[in-house]
Amino acid sequence: MVNFCVKPFVGRNVLIMSSGIQMKPKAAVQKSKTSSPLAHSPESAVKPQPKPSDKLNPKTIDPFGGSSQRRSAFAAVYATGGIPCRLVHGSVKHKLQWECLPETLPFDPLLLTLAEGLRETKHPYTFVSKEGFKDLLMVEGACEKAIPLLPRLVPVLKAALAHSDDEVFGRGLDALVQLSAVVGPSLNDHLKHPLSNLSRRLMDKKFKEKITTALQKLEQCGGKATVAIIKSKIPTYCSVAS
């Protein structure tokens with residue numbers, strides 16, 4: 001039979017067997033295990049395993065969670081009915097349906113607003129601005145209504161011609177030619193401004209033919225004085241009369 005005795009040892013009770021073997025109490029052993037630094041180390045922590053539903057239902061961005069991108073000025077006007085027309089979707093092509101006759105509408109500010117919309121890159125604003133601008137310039141008396149707006153209208157078209165998007169540039173070029181066909185030589189006093197943008201794009205092969213055709217139409221509508229204006233910005237231009 002083994003005899004035990006309890007002796008004080010540095011503030012702790014230690015069981016000493018008669019054979020001389022020391023034994024710690026059970027409570028002290030458990031305490032030393034729980035106080036081990038390995039129990040609280042990051043390596044010993046078990047990482048949570050992903051649930052199967054996480055793969056089946058990945059997290060997506062809540063479209064209503066954050067603030068949406070600010071609406072452009074043209075989009076805001078269109079949404080509030082400031083442009084009295086609506087887009088009619090056809091089976092082959094779309095068209096605009098005006099709520100009233102376009103000739104009864106004031107060009108100021110509607111024509112300017114439509115010109116601003118030429119810089120849009122989203123549907124239906126791209127279609128509405130392009131077709132609306134063309135429709136207004138086709139009404140009777142468009143020349144008298146458009147000429148007073150040229151000082152404000154041409155800079156807006158220049159901005160479209162300076163846009164990096166190719167489709168925006170194409171709409172701006174078409175609009176400039178349409179405006180020239182309506183106002184004629186009255187455009188000459190403002191023509192230098194957009195010509196600088198045409199000169200830069202003329203170096204692009206995909207636009208060279210279209211720009212050359214546009215310049216020829218500007219000359220035909222503007223008269224002989226237009227040739228000198230074009231050559232001041234594009235010296236390589238050859239007149240249709242030569």
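Thr126 is buried, since its relative accessible area of 16% falls under the cut-off of 20%. This residue belongs to a predicted model, and its place is in helix α5. When residues up to four places away in sequence are set aside, Thr126 touches Glu120, Thr121 and Arg171.

**The protein as a whole**

The secondary structure of the protein comes to 11 helices and 5 strands, and of its 242 residues 35% count as buried. If one looks at contacts with a separation of 6 or more, 61% of them in the protein are accounted for by residues 24 or more positions apart.

**Aromatic rings around Tyr125**

By the rule that ring centres must lie within 6.5 Å, the count comes to 3 aromatic pairs. In one of them, Phe74 and Tyr125 have ring centres 6.2 Å apart and planes at 85°, and because an angle over 60 degrees counts as edge-to-face, that is the name given to this pair. The two residues come from distant parts of the chain, with Phe74 in helix α3 (residues 73-79) and Tyr125 in helix α5 (residues 125-137), 51 residues apart. Both Phe74 and Tyr125 are buried.

Tyr78 and Tyr125 also form an aromatic pair that is edge-to-face. Since Tyr78 lies in helix α3 and Tyr125 in helix α5, this pair ties together parts of the chain that are 47 residues apart in sequence. Phe74, Tyr78 and Tyr125 form one aromatic cluster, and the table sets out the values for two of the pairs.

| Aromatic pair | Centre to centre | Angle between planes |
|---|---|---|
| Phe74 and Tyr125 | 6.2 Å | 85° |
| Tyr78 and Tyr125 | 5.9 Å | 85° |

**How α4 and α5 meet**

Helix α5 also packs with helix α4 (residues 107-116), at an angle of about 140° and with the two axes 8 Å apart. An angle over 145 degrees would count as roughly antiparallel and one from 65 to 115 as roughly perpendicular, so α4 is described as oblique to α5. The crossing in which α4 passes α5 is left-handed. On the side of α4 the contact is made by Phe107, Leu110, Leu111, Leu114 and Ala115, while α5 contributes Val128, Ser129, Gly132, Phe133, Leu136 and Leu137.

Two cis peptide bonds belong to this part of the account. The bond from Asp108 to Pro109 is cis, with omega near 15°, and Pro109 has its place in helix α4. A cis peptide bond also joins His123 and Pro124, where omega is about 10°, and Pro124 is found in the loop between α4 and α5.

**Ser180 in helix α8**

Ser180 is found in helix α8 (residues 166-183), and because its relative accessibility is 2%, this residue counts as buried. Which residues surround Ser180, if neighbours within four places in sequence are left aside? Ser180 is then in contact with Leu187, Lys217, Leu218 and Cys221.

Note on methods
Residues are numbered from 1 along each chain as its sequence is written. This is a predicted model: local features need pLDDT of at least 70, side-chain atom pairs count only at pLDDT 80 or more; totals for chains, interfaces and linings use all residues. Side-chain values use heavy atoms; hydrogens and water are left out. Rings of Phe, Tyr and Trp (its six-membered ring) pair if their centres lie within 6.5 Å; planes under 30 degrees apart count as stacked, over 60 as edge-to-face and the rest as tilted. Helices (H or I, at least four residues) and strands (E, at least two) are DSSP runs, numbered from the N terminus. Buried means under 20% relative accessible area, exposed over 50%, partly exposed in between (1.4 Å probe, protein chains only). Axes are lines fitted to C-alpha atoms, for helices over the stretch in contact, and angles run from 0 to 180 degrees between N-to-C directions. Angles under 35 degrees count as roughly parallel, over 145 as roughly antiparallel, 65 to 115 as roughly perpendicular and the rest as oblique. A crossing is left-handed if the near helix is turned anticlockwise from the far one by less than a right angle, and right-handed if clockwise. Contact means heavy atoms within 4.5 Å.
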